[in-house]
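Me: I would like to go through this model and ask, for each label, what it rests on. Please set each value against its definition.

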Amino acid sequence: MIEDDERLAGMVVTYLRQNGYEVAHAASAAAGLAELEASPPALVLLDLMLPDADGLDVCRRIRALGAPLASVPIVMLTAKGDPFDRVVGLELGADDYLPKPFEPRELLARLRAVLRRPQLAGLDSGLRQFGRLLIDTGARRVTVDGQARSLTSYQFDLLLALAASAGRVLSREHLVDAVKGESLEPFDRSIDVHIGRLRQAIEDDPKQPKRIITVRGAGYVFAKVQDA
């Protein structure tokens, strides 16, 4: 947990430990990044506003560290209610966000949901091939032409949900439910942000996608036939 509010951090750390989690706390971005590299965690709880760096920049730096930290789940905490900050956080690779103030039980539920994703996907250890795109569900690895593509945990599970229903139009609500996310609020477009990042990773031309296709007013469809 990277959070400069010592009182809040103390309460969260105590609560999570009472619920069976091991938690390390850092009060600054520098200390948090050092802790991450020394002992890679299962999940990062990251405050948006830190004394020595912007949380969005820290998120970007974590994603640039390489394996295994490039895909470690990140849940952002923010005192800001501006949807712009949430969207930017998701674009930079955060898996979820939680605005302050929050109920400890909601935080626990979100962390459990995010941590559960790899275990659920890991139940299927096969390979899925779509033209030049290969999805290794056991290793949680995606390649195009044999070149690995970097995805966050959420983005991998989103791709897996799309691929599992290749050729079918899936609504935003269906996709959120498939990856165990929260229900969408009216006009919420956070899933679109993740789709955009996914396209950046796997499409030859993200502006003219051939793998993940938008169906206006309905949702998205993952193409069954690719690279024909």
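Reply: Two strands pair if DSSP finds at least two bridges between them. This is a predicted model, and in it an open sheet of 3 strands has the order 1-2-3 with parallel pairing.

Me: What makes strand 1 and strand 2 a pair?

Reply: Strand 1 and strand 2 (residues 74-78) are joined by 4 bridges in the parallel sense. The cut-off is at least two bridges, so the two strands count as paired.

Me: Why are strand 1 and strand 3 said to stand at the edges?

Reply: Strand 1 (44-47) and strand 3 (96-99) each have a single partner strand, so one side of each has no neighbour in the sheet. Neighbouring strands of this sheet are turned by 25 degrees against each other on average, direction ignored.

Me: Which elements supply the lining of the largest pocket?

Reply: Helix 2 (29-38), strand 1 and helix 5 (104-122) each give at least two residues. The largest share, 3 residues, is from helix 2. The pocket has a volume of about 520 Å³ and is lined by 22 residues, with Glu22, Val23, Ala24, Pro41 and Leu43 nearest its centre.

Me: How do the lining residues of the largest pocket divide by class?

Reply: There are 16 nonpolar, 4 polar and 2 charged residues in that lining. Glu counts as charged, while Val, Ala, Pro and Leu count as nonpolar. Of the residues nearest the centre, Glu22 is therefore a charged one.

Me: Why is helix 6 called roughly perpendicular to helix 8?

Reply: The axes of helix 6 (residues 153-164) and helix 8 (residues 190-202) cross at roughly 85 degrees and come within 10 Å. Angles of 65 to 115 degrees count as roughly perpendicular, so helix 6 is roughly perpendicular to helix 8.

Me: Which residues of helix 6 and helix 8 meet?

Reply: Tyr154, Gln155, Leu158, Leu159 and Leu162 of helix 6 meet Ile191, His194, Ile195, Arg197, Leu198 and Ile202 of helix 8. By class this contact has 8 nonpolar, 2 polar and 1 charged residues. Arg counts as charged, so Arg197 is the charged residue here.

Me: What makes strand 8 and strand 9 the edges of their sheet?

Reply: The open sheet has 3 strands in the order 8-10-9, with antiparallel pairing. Strand 8 (169-170) and strand 9 (212-215) each have a single partner strand, so one side of each is left without a neighbour in the sheet. Strand 9 pairs with strand 10 (residues 219-222) over 4 bridges in the antiparallel sense, and Ile212 stands opposite Phe222 in strand 10.

Me: What makes the phi of Asp145 worth a remark?

Reply: Phi of Asp145 is near 55 degrees, a positive value in a residue other than glycine. Most residues other than glycine have a negative phi. Asp145 sits in the loop between strand 6 (141-144) and strand 7 (147-149).

Me: How do you know that Glu6 touches Ala27?

Reply: Contact means heavy atoms within 4.5 Å, and Glu6 touches both His25 and Ala27. Glu6 itself is in helix 1 (residues 6-18).

Notes:
Residues are numbered from 1 along each chain as its sequence is written. This is a predicted model: local features need pLDDT of at least 70, side-chain atom pairs count only at pLDDT 80 or more; totals for chains, interfaces and linings use all residues. Side-chain values use heavy atoms; hydrogens and water are left out. Axes are lines fitted to C-alpha atoms, for helices over the stretch in contact, and angles run from 0 to 180 degrees between N-to-C directions. On a 1 Å grid over the protein atoms alone, a cavity is a set of points where a 1.4 Å probe fits but cannot get out, and a pocket is an open set with protein on both sides within 12 Å along at least five of seven lines; lining residues have an atom within 4 Å of a point. Grid points are joined across faces, edges and corners, and a volume is the space filled by probe spheres set on the points. Angles under 35 degrees count as roughly parallel, over 145 as roughly antiparallel, 65 to 115 as roughly perpendicular and the rest as oblique. Lists of a residue's contacts leave out its neighbours within four places in sequence.
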